[in-house]
Amino acid sequence: MDNKAKKRLIYFLLFSLLIYSGIYLWTNYQLVNVAVSGIKVELNKNALDKGIPLLYTNRNKEATIDLQKPYRFKKINDSVIILDNLEDLDISKFRVYFEYPGTNYMFRKLTVFSKNLSNEISLDDIKEHEGVKKQDDLFFDVKMHNSFLEYPFVLIDKIPYLKITFGILFVGLLLYFFLLKTSVFDLLLTLKKEDILFAMFLLSIFSFAPLYNIALILGVPFYIKYFDWKLFKENKLNILFILFFIVYLINNICISNSVANEFSTIERFVPFIFIPILMASIKFSNALYYLMLSALAIGIVLFTSSLLDFIILERHEYFSFKQFSKYYHPVYLSYLFFLVICFLQQYYHHREKYILQGVFLLFLIFLGSKLVLLVAVPLYLLFHLNVKRKSVIFVVLCVMLLPSVLLFKPLQKRFNDILNFNDLSLLKETKIHDSNDSRVNGLTLRLILWKEAIATLNGFDEFAFGNGVSRLRAEDLRARLTSLGLIHHKGLNPHNQYVDTFWRTGFIGFIVLILIFAQSIIMGVKSKNKILLIFTLFLMFSFITESVFGRVRGVYFITVSLLILTNTNFNYKLKAIKNKETIIP
């Protein structure tokens, strides 16, 4: 890459990061001159007749809202409620909860009071909500018990301009010198014109929702003329992904008894057909490189925003889990970062290789997915069997630093939450009386979801063909969770792709899912492709705690990554810095 072109690209990225930082601060924070003293909500009589709403808030600017301590609003008249004397809580986030379902609630405005200042918002300003359906900018319906509206800003009483300036300068200078002195961007401007659309498709997978759909819609007709039928047949994963879609489609038509607007699952699974066709139509080197660029850009943006949160609120929890992942599900993002770490180890031979691996490992720690970390570390160490001295030194350093990782308090807390074995007593109860029971954690909740999902199946037909894939059939699980007392969690899927597939499609779909992994392992063993074997094992474990195909991004990422690793038309040719050789695995 020409040095001037590289500098222009770096300047553009740094300017974009600066603009993003400004927008992030403007859209996420609201200034109050002192601590919040009161909150007033103006609704209508219809809303208050159902019951007085509750307030849940954080304390002392904590990153999360405390769901163990509710505060009941006081009724001023038929349509106005208020809570005052809140100064000691040092509130920065809060939610207004509606305990009972209802329709045609009016939301006139919500006012936050501090000593000499008040801030008002309308229903249209509220972005984060659950169980609430907005009719327009004034009226809304509460669809289920304990639905909430969350205040759209973080409330602060001062803005540390100098610290923010130094923080942005620190990130900017670090990025400038790193990107300038390394080879991270060297392949980017050598991209052939005919490959630009596919590179954009790869970069779009973890971007905003419409972009990856648009890129796929444009990519398939553009590249279909290069479709290689022989290549398509050679990779049995192509057939298995399409078969997986067909199983869900037949199930939806024959078992779910869905109406036309209940094809949401099938719509989400459509990429299982078109991605294999697209991937068999392209000969493209360094596909994983573009996923690395995507991961690096996302990681930098998330780190910058969390650094700003930390500077303003002085809470290290903003470098953990959802507070760090912001716009993404942290577990899905962890999958991308782990794949990139594997790619860097096997195919990337520039001198900054281990720095980048360390950065992505740090991002994995910040994302805080417990199972991902427990699985990723030993699988990553498998890469370093029979390798060079420099790599062994890096592994030794990682092992030495591992205990310090456990000292990171947010991560420590996430592990402590599931290591309290007394919480398992929850599994024996037939009725959970407090929906905010502290024993409901990541482990106990998943065990309950798995058990209750399987319990909805009845008779040979449902075990063989499942309970149906439409939302209507998911009501069986919702009803069982409601009866159990898990009101806040009744809308969840089983959070286990194996259980989810078996629950919806029975043994038929479950077997196809297992065959996808089995075929990947067989191909990895035959081709001695270490990254394929390790990433497949990683996904097999990861599917235990997430219904990965419950999100469109999961469908895209899993399909694309496995087909990149198994299709012979994706070659990896990266030039090493030292000897200028071409490295071909």
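Reader: In this structure, does Asn60 count as buried, partly exposed or exposed, and at what relative accessibility?

Author: The model is a predicted one. Asn60 is found in the loop between strand S3 (54–57) and strand S4 (71–72). Buried would need under 20% relative accessible area and exposed over 50%. The relative accessibility of Asn60 is 43%, so this residue counts as partly exposed.

Reader: What is the phi of Asn60?

Author: Asn60 is a residue other than glycine, yet its phi is positive. The value for Asn60 is near 55°.

Reader: Which element holds Phe321, and is Phe321 buried or exposed?

Author: Phe321 is placed in helix H11 (residues 321–325). Although not a glycine, Phe321 has a positive phi of about 50°. The cut-off for buried is under 20%. With a relative accessible area of 18%, Phe321 is therefore buried.

Reader: Why is the protein described as compact as a globular protein of that length?

Author: The protein has 22 helices and 17 strands. For 585 residues the globule rule gives 25 Å, and the protein is close to that, so it is as compact as a globular protein of that length, with a radius of gyration of 26 Å.

Reader: What share of the contacts with a separation of 6 or more comes from residues 24 or more positions apart?

Author: The C-alpha atoms fill a box of roughly 75 × 65 × 50 Å along the principal axes. Within the protein, among contacts with a separation of 6 or more, residues 24 or more positions apart account for 76%.

Reader: Which residues does Leu336 contact, leaving aside neighbours within four places in sequence?

Author: Leu336 is one of the residues that touch the most other members of the largest nonpolar core. With those neighbours left aside, the contacts of Leu336 are Phe206, Leu291, Ala295, Ile298 and Phe557.

Reader: How many residues are in the second, separate core?

Author: Tyr71, Leu86, Leu89 and Phe98 are among its members. This second core has 32 residues.

Reader: How far apart are the centres of the positive and negative side chains?

Author: The protein exposes about 27700 Å², of which carbon and sulfur atoms supply 63%. Its charged side chains are 65 positive and 45 negative. The centres of the two sets lie 10 Å apart.

Terms used: Residues are numbered from 1 along each chain as its sequence is written. This is a predicted model: local features need pLDDT of at least 70, side-chain atom pairs count only at pLDDT 80 or more; totals for chains, interfaces and linings use all residues. Side-chain values use heavy atoms; hydrogens and water are left out. Helices (H or I, at least four residues) and strands (E, at least two) are DSSP runs, numbered from the N terminus. The radius of gyration is taken over C-alpha atoms; the globule rule is 2.2 Å times the number of residues to the power 0.38. Contact means heavy atoms within 4.5 Å. Accessible areas come from the Shrake-Rupley method with a 1.4 Å probe; for residues, only the protein chains shown count as cover. Lys and Arg count as positive and Asp and Glu as negative; His and the chain ends are not counted. The place of a charge is taken as NZ of Lys, CZ of Arg, CG of Asp or CD of Glu. A nonpolar core is a set of buried Ala, Val, Leu, Ile, Met, Phe, Trp, Tyr and Cys residues joined through side-chain atoms within 4.5 Å. Buried means under 20% relative accessible area, exposed over 50%, partly exposed in between (1.4 Å probe, protein chains only).
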